[in-house]
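This briefing accompanies a predicted model. The notes that follow are grouped by topic and are meant to be read alongside the sequence and the structure.

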Amino acid sequence: MDSDPEDKGTPKAGDRKNAHLSLAAAPLAQSGRAAGFARVQLDHSALPECDLGSIDISTSWLGKKLAAPLFIGSMTGGTDHADAINDALAETAEACGIGLAVGSQRASLESGRSQSRLRSLAPSVPLVGNLGGVQIAADGGVDLARRAVEDIGADALFIHLNPLQEAVQPEGETDWRGVLAAIEAVRDACACPILVKEVGAGINAATARRLFDVGVHAVDVAGLGGTNWTRIEAARRADADLFTPFLDWGVPTVDALMAVRATIPDGRLIASGGVMNGLDAAKALWLGAEMVSMAGAVLRAISDDGIGSPDRERACAHIGQWTEQLRLALFLTGAGSLAGLAKVGGTVDGHPYQAGH
Ligand SMILES: Cc1cc2nc3c(=O)[nH]c(=O)nc-3n(C[C@H](O)[C@H](O)[C@H](O)COP(=O)(O)O)c2cc1C
């Protein structure tokens, strides 16, 4: 996310940030492999013994109360247009009572373009900062992380791991030595929780283990099946053929969730990557996630083509629909509550599956 020329604050760089937004909203950005939610079926209960109208899906996360266990996934910031989208996302998150994770802050921090206004636009919901793993491993990385948290008054900091995207990006960083140690150093230096995510290629069980071992608060699997940065970056290259075999490389979200949950039963898990509606969110929670996030779907809800003026009301309407779908899933399974979801039955690939909650 971080190594475009845009990060150097050049005018050309801003064009690229806007190009990223418009490419991410286009059909070519969608993964050719599914996230796997269609393989997961929750058991229908013809006798739910609960009242749909009183199902409460509010929760708390990072010390703040939320209307639903959802947040808007890390996307953008740092140019006029990206800032306008971010402002609208912050107002939407506040209005809907869900969290907001911002996109990489490196460009804005390095060009002295503060995003501190986001905190006042979204004062009551969790706000999560964002930096790239390969960037915090560079000189000054720990200081950058402290500044990222301070700039927006973040409740937590996401560190994104995107080796595939960086490898396909023409200007990408491909020396990934020292990233795990840098995550540990940032965890020691920052007072807030450190969360780690991929950007759509997934985090497997072995990697999650290493992250939890260095004290990461939660892992967002950010799996394959939704926005696909390999396809987006390849579309910007003349030699795109080189990457054809890797276009759908990665761990689909459902596989990542199941593998991490089976190996690390008590690790805090976040689900993202190809979550398209509230039923997908319910399935992700059933598989053991405590929070769910959506990036591409929110971008398309707030701005059809990624470049038009943001439409907060439309984004709020979509989020309202997703939260209703989540409540409906809790009703139709007879779960009755978020906590009750752990007790309902279901299958993955037609086989009964007991999620390791
Ligand atoms: C326009 C756009 C920009 C993104 N920028 C970032 C970023 O700066 N940092 C990051 O960690 N992830 C970034 N992502 C990745 C998302 O946070 C998420 O991991 C990925 O898109 C998969 O989720 P989705 O299928 O719901 O879109 C971006 C996604 C989109 C759509």
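**A sheet and a helix in the predicted model**

Three strands form an open sheet in the order β1-β12-β13, and their pairing is antiparallel. Its edge strands are β1 (40-42) and β13 (351-352), each of which pairs on one side only.

*Pairing within the sheet*

- Strands of a sheet pair through backbone hydrogen bonds, in either a parallel or an antiparallel manner.
- Strand β12, made of residues 346-348, pairs with β13 in the antiparallel sense over 2 bridges, and Thr 347 stands opposite Pro 352 in β13.

- In helix α8, which spans residues 179-189, the buried residues include Val 179, Ala 182, Ile 183 and Val 186. These four lie on the same side of α8, because they cover an arc of only 105° around the axis.
- An α-helix has 3.6 residues a turn, so residues three or four places apart point the same way.
- Ala 181 and Asp 188, by contrast, are exposed on the other side of α8.
- The buried residues of α8 are covered by elements including α5 (133-136), α6 (141-152), β7 (156-160) and β8 (194-197).

*The chain as a whole*

- The protein chain contains 14 helices and 13 strands, and 51% of its 357 residues count as buried.
- Its radius of gyration is 19 Å, which agrees with the value near 21 Å that a compact globule of 357 residues would have.
- Taken along the principal axes, the C-alpha atoms fill a box of roughly 60 × 40 × 40 Å.
- Of the contacts between residues at least 6 apart in sequence, 77% join residues at least 24 apart.

Note on methods
Residues numbered from 1 in each chain as written. Predicted model: local features only at pLDDT ≥ 70, side-chain atom pairs only at ≥ 80, totals over all residues. Pairing = 2+ DSSP bridges. Rg over C-alpha atoms; globule rule 2.2 N^0.38 Å. Buried ≥ 20, exposed ≤ 12 C-beta atoms within 10 Å, placed from the backbone. Contact = placed C-beta atoms within 7 Å. Arc of directions from axis to C-beta.
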